Amino acid sequence: MSNFDEMDAFEGASTPLSQRAMSARPMPYLDGLNPAQREAVETLYGPVLMLAGAGTGKTKALTARIVHLMNAAKARPNEILAVTFTNKAAREMKNRVGGMLGQSIEGMPWLGTFHAICVKLLRRHAELVGLKSNFTILDTDDQIRLLKQLLRAESIDDKRWPARMLAGFIDGWKNRALTPEKVPSADAGAFNNRGTEFYAMYQKRLLELNAVDFGDLLLHVVTIFQTHDDVLNQYQRWFRYILVDEYQDTNVAQYLWLRLLAGGHKNICCVGDDDQSIYGWRGAEVGNILRFEKDFPGAKVVRLEQNYRSTPHILAAASNVIAGNEGRLGKDLWTASEEGEKVRLIGHWDGEEEARWIGEELEAMQSGTRGMNPISLNDMAILVRASHQMRAFEDRFLTIGLPYRVIGGPRFYERMEIRDAMAYFRIVTSPDDDLAFERIVNTPKRGLGDKAQQKIQMAARANGVSLVEGARIVVENKAIGGKGGAELAKLVDGLDRWAALTRGPRVATIIDDDAVLDDGPQMSEPEFGPPEMSHVELAQVILDESGYTAHWQNDKTPEGPGRLENLKELVKALEQFENLQGFLEHVSLIMDNTQEDEAAKVSIMTLHGAKGLEFPAVFLPGWEDGLFPSQRSMDESGLKGLEEERRLAYVGITRAEDICTISFTANRMVFGQWQSQLPSRFIDELPEDHVEVLTPPGLYGGNYGAAGMGMGGSGQSDLEKRVQDANVYNSPGWKRLQARKDNRPMSQPAESKNITIDMTAVSSFSMGERVFHQKFGYGAVIGIEGDKLEIEFEKAGTKKVVSRFVAAADAADDIPF
DNA sequence: GTGGTTCATATTTTT
DNA sequence: TATGAACCAC
């Protein structure tokens, strides 16, 4: 396809208002920048690497650069390609650019995530890789499902060769921009020697389904660029300036993509921090950022080293830890801020005690008991290495009634009910979406099990049609009897009816040259008359008439109400789109957890989830060898793994603005078994001058190492390792820390705990009353003690819970959180 | 086809 | 420990 005529039309497109408004004024956005930031902003041409340490104002610099490009280089907003990894980052950048310009920035169509931009590109050139432009995007779950089907068809024992493993290989290849033909022979042994073969089959199947997975979005676009010079040239000319955020997280495919696009003018500015590369296991290549100057000869490297976030103690601790890594580009972070408190280090007996102590500290900080100004819970965070660590905190906070929020977990669009609902929308808007059909055909239960579904499959295959059409044939032939047959007939009927409601009659395609948007090469789309019903209403109708809403209304599990709530939210989200298609094209990439909350809560999240965030008070629990650094990382990736863990430690510490508290425990329950733990080797890397040891004397003295030795009798190497670890624990650094430790008591229990009793809550429950709890589900009150209730839960057993976390069962909709 | 059982399994998860 | 998937009996 050739878009050159259209391209030429864009070159003459009128100058956006924003730019005219800008050029009249001076450049106020440059004033607030420090010299390094300013240099990075003002070097508009040629390759630039902005090495931005944690908290050095890289987003500020990046946004200022965008504005400066429009202002000084007279770049039109649509000629700037700005890529991020997350939607959140993209959104923030959009907002901040808009803020600097003093107007909303609708005119930056190419500011987005790698994936979102690739979707846009791929929809335009889909046919070059054998797709139709309305392809569907499969998420990980769909991907696994599909692979399972393939493996089953080949009678592969999925115990021994699980689909997940195959998905891992395939993702790995896609991350490296390798199509099946290009997989190197070194990888031939993958997946029992059949990895490449299955990869090829999977890709073929995806094309048949007109579908792509996340990895394909990049892979296909890279393939197009590599095989179609004309297309590549178009975009090379179109994107006059390229900006990349979090460059240290790019994988090979993204790297190639960028190199291809920047190939002409090389006006590319990459921003990143090699010390914050923590996604190696997802295919990210730190090498990309380390190699930048070689890849782009003559590149200007600018270091942002002034930190505006943390105190000197915190920075020193972080710098000292990260100094243990080899082959860094190196930065010297400094700050003008006041000294503040040292990084605090404390050991505990076990995870429960750790959670209890942190809970008390949080309360003390919140009430200002600690002799400081009170801190809002919103300004505190607990950052863990692995999500299973969260449980101890949740349990503890639930019992003491401390409001918390878990960040991360399944994303909105990954939830079962959302995916089911979306499958309904998909099958209605594109009836040949077989995957969607498979998902919903027996959801809710329609009495259509394996056998019935096989019949549909066979009918479809025999006639070379989609599953929906196959189902229609089955219904017409009455091949399925009884309840199932009747239900299937009803479903097919429903699908027809809903599809008819989606759109009005088809209208002749109109190509209106003047109406072409100026955001790049365009393709025309068929048009339809006006729909008879708004897509929002239609969505509700689909969910109701299909019986899906009722399915969850009848659901007895504690999740039921929440799922209905999510469905409501999904329908609400539809309002922002023009139609169902538009929604589906974007939703898989943009829906995220948008729970905006009112009350102050402490955040609990993983270290990975915390990247890019900052909090006045940060707690880093679980610094024990094996947990952090994670044993698995070290086993699988050796020194590389350990270094990535160390970067994770660096990320964790640098999230803290004022107070950073690191803790470890002597014992921890691992897979149901108690294990004695040794303090993390990273603890030894903390600089003693910047650390205050809070561990009470006697608790973790010499007997700690002895306990570790006593347990390690299982094998020679194991024993050796433990001896070695024990030596680490007794290392000079640790001994010095012990020697300097403060003898003060651990912390006073927060008194506020017993003072604040919510009287309304106390009186509102009675013995035997049926209640609902968000985490534990339904239960009966069997004991009342002040504001605490003892509840026998139907699923979760007997628990003591603060009454305001519980709602009367008949009012489950009004749970106050 | 559903529901209960057993058995294996056990990081991190931007899209 | 505790969760999910797979299998088997109704």
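The model is predicted: local features need pLDDT of at least 70, side-chain atom pairs count only at pLDDT 80 or more, and totals for chains, interfaces and linings use all residues. Residues are numbered from 1 along each chain as its sequence is written, chains are lettered from A and ligands numbered from 1 in the order in which they are written, and side-chain values use heavy atoms, with hydrogens and water left out.

## Overall build

Chain A holds 34 helices and 23 strands. Helices (H or I, at least four residues) and strands (E, at least two) are DSSP runs, numbered from the N terminus. Of the 817 residues in chain A, 52% are buried. Buried means under 20% relative accessible area, exposed means over 50%, and partly exposed lies in between (1.4 Å probe, protein chains only). A contact means heavy atoms within 4.5 Å. Among chain A contacts with a separation of 6 or more, 76% link residues 24 or more positions apart.

## DNA strand B

A residue is near a strand if one of its heavy atoms lies within 4 Å of it. By that rule, 28 residues surround DNA strand B. The closest are Arg 385, Ser 387, Arg 411, Ser 630 and Ser 633. Helix H28 (residues 631–654) gives the most to this surface, with four residues. By class, the surface has eight nonpolar, 10 polar and 10 charged residues. Ala, Val, Leu, Ile, Met, Phe, Trp, Tyr, Cys and Pro count as nonpolar, Asp, Glu, Lys and Arg as charged, and the others, Gly among them, as polar. Sugar or phosphate supplies 53% of the atoms of DNA strand B within 4 Å of the protein, and bases supply the rest.

## DNA strand C

Around DNA strand C stand Arg 391, Met 669, Phe 671 and Gly 672. Two of these residues are nonpolar, one is polar and one is charged. Sugar or phosphate accounts for 55% of the atoms of DNA strand C within 4 Å of the protein, and bases for the rest.

Phe 671 sits in the loop between S16 and strand S17 (673–676). Its phi is positive, about 50°, although it is not a glycine. Phe 671 counts as exposed because its relative accessibility is 83%.

| Residue | DNA atom | Distance |
|---|---|---|
| Trp 281 | base oxygen, DNA strand B | 3.5 Å |
| Arg 282 | base oxygen, DNA strand B | 2.6 Å |
| Ser 387 | phosphate oxygen, DNA strand B | 2.4 Å |
| Arg 391 | phosphate oxygen, DNA strand C | 2.7 Å |

## Strand S9

Strand S9 (residues 343–350) is largely enclosed by the rest of the structure, because seven of its eight residues are buried. Two strands pair if DSSP finds at least two bridges between them. S9 runs parallel to strand S16 (residues 656–670), joined by six bridges. His 348 stands opposite Thr 665 in S16. S9 also runs parallel to strand S18 (residues 691–693), through three bridges. There, Leu 345 has Val 693 as its bridge partner.

## Helix H8

Helix H8 (residues 163–175) has 13 residues. It reaches 18 Å from first C-alpha to last, close to the 18 Å expected at 1.5 Å a residue. That expected span is 1.5 Å times one less than the number of residues. Its buried residues are Ala 163, Leu 166, Ala 167, Ile 170, Trp 173, Lys 174 and Asn 175. They pack against several elements, including helix H7 (140–153), helix H9 (195–208) and strand S5 (211–213). Just after H8, Ala 177 takes a positive phi of about 60°.

Tyr 424 belongs to helix H18 (residues 416–429). It counts as buried because its relative accessibility is 0%. Leaving aside neighbours within four places in sequence, its contacts include Thr 443, Pro 444, Trp 498 and Tyr 548. Thr 443 and Pro 444 are joined by a cis peptide bond, with omega about 0°. Pro 444 lies in the loop between helix H19 (434–440) and helix H20 (450–463).

A cis peptide bond also joins Phe 628 and Pro 629, with omega about 5°. Pro 629 is in the loop between strand S15 (615–620) and H28.

Glu 246 lies in the loop between strand S6 (241–244) and H12. Its phi is positive, near 50°. Glu 246 is buried, with a relative accessible area of 17%.

Conventions: A polar contact is a pair of N or O atoms within 3.5 Å; within protein, one must be able to donate a hydrogen and the other to accept it, and residues adjacent in sequence count only if both atoms are side-chain atoms.
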